[in-house]
Amino acid sequence: MNNIAIIPARGGSKRLPGKNYKLLGEKPLISHSIEAALKSNSITKILVSSDSEEILNIAGNYKNVDIHERNKELSSDNATALELVEHIFLNLENSFDFITLMLPTCPFRTSNHIDEGF
């Protein structure tokens, strides 16, 4: 089974600016999703997509995590997660059996939750 986890993390939040890199506990919010994906037995590739240099730097500090610099069009308030996933999917070099969308605003999701879902 070939499964890519896409973690979309915009830098521009209207209600809570910078929420995806604010600390929750002792680590940035985005890190909780990255670490759950890394520990999952069901995920074969992890891709963090962002328009924020800070978020991409955080993701880049993890081994086996790819980063995707999101363009302005896909980072707007009107852009949907489906449009982002479609853009990434159409530009992937490899094919995948599954795409798992992991929102960083679900920090209490664990690798066990991901694996049980599969």
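Helices here are DSSP runs of H or I with at least four residues, strands are DSSP runs of E with at least two, and both are numbered from the N terminus. Please keep in mind, as you look at the views below, that this is a predicted model.

View 1. Let us begin with strand E4, residues 45-50, which is mostly covered, five of its six residues being buried. Strand E1 (residues 3-8) pairs with E4 in the parallel sense, and five bridges join the two. To find your way along this pairing, look for Ile4, which stands opposite Lys45 of E4. Strand E5 (residues 65-69) also runs parallel to E4, again with five bridges. Here a handy pair to look for is Val48 and its bridge partner in E5, Ile67.

View 2. Together, E4, helix H2 (residues 53-60) and E5 form a β-α-β unit that is right-handed. Is Glu54 buried, or partly exposed? Glu54 counts as partly exposed because its relative accessible area is 41%. Gly18 is 36 residues away from Glu54 in sequence, and their C-alpha atoms are 9.3 Å apart in space. Although Asn64 is not a glycine, its phi is positive, at about 65°. Asn64 is also exposed, since its relative accessible area comes to 67% and the cut-off for that class is over 50%.

**View 3. Three salt bridges can be found in the model.** Side chains of opposite charge can pair when their charged atoms come close. How many salt bridges are counted in this structure? The count is three, and each can be visited in turn.

- Asp77 and Arg10 meet through their side chains in a salt bridge, with an N to O distance of 3.1 Å. Because Asp77 lies in the loop between E5 and H3 and Arg10 in the loop between E1 and strand E2 (23-24), this pair ties together parts that are 67 residues apart in sequence. Both ends are partly exposed: Asp77 has a relative accessibility of 48%, while that of Arg10 is 24%.
- Lys45 and Asp66 form a salt bridge whose closest N and O atoms are 2.4 Å apart. Since Lys45 belongs to strand E4 and Asp66 to strand E5, the pair ties together parts that are 21 residues apart in sequence. Lys45 is partly exposed at 22%, and Asp66 is partly exposed at 32%.
- Glu35 pairs with Lys27 in a salt bridge, and the closest N and O atoms are 2.6 Å apart. Lys27 counts as partly exposed, with a relative accessibility of 28%.

**View 4. Helix H1 is largely enclosed.** Helix H1 spans residues 29-39, and nine of its eleven residues are buried, so the rest of the structure largely encloses this helix. Among the buried residues of H1 are Leu29, Ile30, Ile34, Ala36 and Ala37. Ser31, His32, Ser33 and Glu35 are buried in H1 as well.

**View 5. Helix H3 has a buried face.** Leu84, Val85 and Ile88 are buried in helix H3, residues 81-90. Why do the buried residues of H3 line one face of the helix? Seen down the axis of H3, they fall within an arc of 95°, and therefore they line one face.

**View 6. Arg109 is a buried loop residue.** Look for Arg109 in the loop between strand E6 (98-101) and helix H4 (111-117). Arg109 counts as buried because its relative accessibility is 17%, and the cut-off for burial is under 20%. Val85 is 24 residues from Arg109 in sequence, with 20 Å between their C-alpha atoms in space.

**View 7. Met1 takes part in a nonpolar surface patch.** Our last stop is a patch of about 310 Å² made by Met1, Phe98 and Phe118. Met1 is found in the segment before E1. With a relative accessible area of 55%, Met1 is exposed.

How values were computed
Residues are numbered from 1 along each chain as its sequence is written. This is a predicted model: local features need pLDDT of at least 70, side-chain atom pairs count only at pLDDT 80 or more; totals for chains, interfaces and linings use all residues. Side-chain values use heavy atoms; hydrogens and water are left out. Buried means under 20% relative accessible area, exposed over 50%, partly exposed in between (1.4 Å probe, protein chains only). Two strands pair if DSSP finds at least two bridges between them. A crossover is right-handed if, with the strands pointing away from the viewer, the path from the first strand over the helix to the second runs clockwise. Patches are made of residues with over 30% relative accessible area and no salt bridge: like charges are joined within 9 Å, nonpolar side chains (Val, Leu, Ile, Met, Phe, Trp, Tyr) within 5 Å. Accessible areas come from the Shrake-Rupley method with a 1.4 Å probe; for residues, only the protein chains shown count as cover. A salt bridge is a side-chain nitrogen of Lys or Arg within 4 Å of a carboxyl oxygen of Asp or Glu. The arc is that of the directions from the helix axis to the C-beta atoms.
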